[in-house]
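Where does a protein leave empty space? Rolling a probe the size of a water molecule over the atoms shows where such space is left. Take a look at the model first.

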Amino acid sequence: MSSPGAWQFWIDRGGTFTDVVARKPDGSLATHKLLSENPERYRDAAIAGIRHLLGIEAGGAIPVERIEAVKMGTTVATNALLERKGEPTVLFTTRGFRDQLRIAYQNRPRIFDRHIKLPELLYRKVVEVDERMGAYGQVVEPLDEAKVRASLDAARAEGFRSIAVVFMHGYRFPDHERRVAALARAAGFEQVSVSHVVSPLMKIVSRGDTTVVDAYLSPILRRYVDQVSGELGDRAHPASSSDLSPPRLLFMQSNGGLTDAHRFQGKDSILSGPAGGIIGMVRTSEAAGFRKVIGFDMGGTSTDVSHYAGELEREFETLVAGVRMRAPMMSIHTIAAAAARSRSPIAT
């Protein structure tokens, strides 16, 4: 239910264009389209679109009392992953397993290829930690906190601000992970992702990959969320000077559901924009009487293909841009837009 006299904004921030749909207080709809990146004219496309539809001049304060909610899907994290422009990340893992995520499962999707080109790893540095928990909770090797502190200080001195902590059997016996996470925060790390929180399930490879993705993308996502929420009068951020209650800011997650801006995490943001497209496609097709549809969403940066046959399909383990992740996501196949133009008969 919407508040009488309040605006609602629904925004899709893509890699090339940002589309804004607004529902006015009288129930009518208005739309606006603009470039996602245009630093000479505005800092952020979503906020610029809101200002345009409200008739506010560039740089002017947004009247938050007139807005009920802002709901966004964004490819900020997706593009950072595709272009490998996430936060420099250091991986802390159990001694003896520094190459575990690199070795992974040794899958061969093209079995006859003679030259295998592995995807670029997201972490830049690996630190082996003297610790080991057994499969039944026994302490095989105690955690050497002195060495951990020294390693954390060294990583900080090298410029790392984001850390992923992945220990053997940490999903079930997380004491060592918790302690290293506390030491990392005390050492000044701004993003601390631990596997027993990010992906508390067995299988160190998929658990570790998901944790690294979260550490790699969450800082990028957090800066963007803080920027938008600050413009909308979020008093939790220094950028806000408004005494009025800010509008609700919600982001679409990869699983097709909305979440509060401050609970939006890197691992749940990969398919944020495309997931919103599928939900819209399904609702529109059902209203038109179609129960079986194929979705083809081609943007300037990436192209997303999906299908619907009566129920929303989700996958728990997915591969996006060469990176394995274990988190609920809509079933979407994503490729670079340039490749889609050359291969797809629809595009031509």
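## The model

The structure is a predicted model. Keep that in mind as you read.

## The largest pocket

The largest pocket holds about 1500 Å³ of space. It is lined by 49 residues. Closest to its centre are Pro119, Leu319, Ala321, Gly322 and Val323.

Which elements supply at least two residues each of this lining? Three are helices: α3 (100-103), α7 (204-231) and α9 (337-343). Four are strands: β14 (302-308), β15 (314-320), β16 (323-330) and β17 (333-336). The largest share comes from β16, with 6 residues. By class, the lining of the largest pocket divides into 27 nonpolar, 10 polar and 12 charged residues.

## The second largest pocket

The second largest pocket has a volume of about 410 Å³. Its lining has 17 residues. Nearest its centre lie Trp10, Ile11, Met252, Gly276 and Gly277.

Strands β1 (7-13), β2 (17-23) and β4 (67-74) each supply at least two residues of this lining, and so does helix α8 (272-287). Which element gives the most? That is α8, with 6 residues. The lining of the second largest pocket has 8 nonpolar, 5 polar and 4 charged residues.

## Recap

For the largest pocket, remember β16 as the source of the largest share of the lining. For the second largest pocket, remember α8, which gives the most.

Definitions and conventions
Residues are numbered from 1 along each chain as its sequence is written. This is a predicted model: local features need pLDDT of at least 70, side-chain atom pairs count only at pLDDT 80 or more; totals for chains, interfaces and linings use all residues. Side-chain values use heavy atoms; hydrogens and water are left out. On a 1 Å grid over the protein atoms alone, a cavity is a set of points where a 1.4 Å probe fits but cannot get out, and a pocket is an open set with protein on both sides within 12 Å along at least five of seven lines; lining residues have an atom within 4 Å of a point. Grid points are joined across faces, edges and corners, and a volume is the space filled by probe spheres set on the points. Ala, Val, Leu, Ile, Met, Phe, Trp, Tyr, Cys and Pro count as nonpolar, Asp, Glu, Lys and Arg as charged, and the others, Gly among them, as polar.
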